[in-house]
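I opened this model to look up two items for the notebook. The entries below follow the order in which I consulted them.

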Amino acid sequence: MTYTDLNTPIRTIMTPGPVEVDPRVLRAMTTPIVGQFDPAFTHIMNEVMEMLRVLFKTENKWAFPVDGTSRSGIEAMLASVIRPGDRVLVPVYGRFGHLLMEICERYGAEVDAMYAEWGTVFDPAEVIQKITETKPDIVAMVHAETSTGCMQPLKEIGQVCREMDVLFIVDAVASIGGTDVRVDEWCIDGLIAGTQKCLSIPSGMAPLTYNDRIERRIASRKKVERGIATEEELKQQNTTFIRSNYFDLGMLQDYWGPRRLNHHTEATSMLYALREGLRILLEEGLEERFARHVFHEKALMAGIEAMGLELFGRRDVKLPTVTCIKVPEGVEADSVRNMLLTEFGIEIASSFGPLHGKIWRIGTMGYSCRRENVLAVLGALEAALIRHGVQVHRGEAVQAALDCYMKPAVKDPVEA
């Protein structure tokens, strides 16, 4: 069989991840490979750690990526922190709260869950009350649920966790780089991010950070791999060691720290990509980047509503980088999505579980969060709905978005 040259189609990606990759990141990925202990490469590692601390708004010593998709970072954090029998509280308000539960259960935790209707979030007081009642060792929570387009307030919950000596672990995969996340101020002990959403880097790394409270927990479970351990380390016996080898944050600390103890072969080109993505983000400025996401979110929502469609979820807790739309009655949701892809080259997303086929999700994340993309998806969605027999307000969607973009003295933050 003969294989042709790789030639993927050009798409406008407006999903909640993955998103379009910044061309400067793609260019960085063609940088020549150097050895993972070459001083030139370890210097890049140190730069990445420095930039991650700025992104996470933390003074934590440890801020580095786990090689793997976002889920690998979540698993590394939970696998390294959870001791069999630990009690973990997981407030669930969408698909990825269920994922946290599953991973916690697999590592031997006793999981207590509380549930909110999809499309809503928890009043922090509800979670605080549950913490008081159940007295967990750990609270694991999603900051931004892409499955519902909602964002959970965390500050009060984090403060109570700190006061009660409960570890607070947060999945911020969908929010980091697109909206404000304050690790230290919100008393977050461990936080996990991802590259393929608001950072506009290919999927394949999971940046995370954790403080000395979690570091002490990891140190109490320390184990060095036999083939590279010292004689003294081989004598040390620890029955509570972290069960995963690949996701052992203690061993990853030795790799990312001054010891540079070999753990795995670093994903060199992905680290180049992460460095460039972080450089671009800091060059734009965190607050400016957050403002850009809100700016385009407003234009998109204005267009959706002007078309006559209804947004899904509570507006007061909406995630700025994901806009959810109720599928009109009688419309085959996936048929509309397929038309957008095949006829317009635009990809949007459905959802999961009880919301599958009931909402569409449009992501405005990172490099995908641009004026031309918002206008394109509005125009294409209107055309696809008309083809599916839906009565929409023809021509109003793009005009409403243009009204947002063309207001006097208002500029796209990226262009300002």
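**Entry 1: Glutamine 196**

I located glutamine 196 in the loop that connects strand S9 (190-192) with strand S10 (205-210). I note that the model is a predicted one.

I next looked up the side-chain partner of glutamine 196 in a polar contact. The side chain of serine 70 takes this part, at 3.2 Å.

I also listed the residues that glutamine 196 touches, leaving aside those up to four places away in sequence. They are Gly17, Pro18, Val19, Ser70, Val173, Ile201, Pro202 and Ser203.

**Entry 2: Strand S5**

I turned to strand S5 (residues 138-142) and asked how many of its residues are buried. Five of the five are, so the strand is largely enclosed by the rest of the structure.

I recorded the two faces separately. Ile138, Ala140 and Val142 lie on one side of S5, and Val139 and Met141 lie on the other. Side chains in a regular strand alternate between the two faces of the sheet. Both faces of S5 are covered, as these residues are all buried.

Which strands are joined to S5 by bridges? Strand S3 (residues 87-92) runs parallel to S5 and is joined to it by two bridges; leucine 89 stands opposite valine 139 of S5. Strand S8 (residues 167-171) is also parallel to S5, with five bridges between them. Here I found methionine 141 opposite valine 170 of S8.

Terms used
Residues numbered from 1 in each chain as written. Predicted model: local features only at pLDDT ≥ 70, side-chain atom pairs only at ≥ 80, totals over all residues. Heavy atoms only, no water. Helix = DSSP H or I, 4+ residues; strand = E, 2+ residues; numbered from the N terminus. Polar contact = N/O pair within 3.5 Å; in protein donor to acceptor, adjacent residues only side chain to side chain. Contact = heavy atoms within 4.5 Å. Buried < 20%, exposed > 50% of the residue type's maximum accessible area, 1.4 Å probe, protein only. Pairing = 2+ DSSP bridges.
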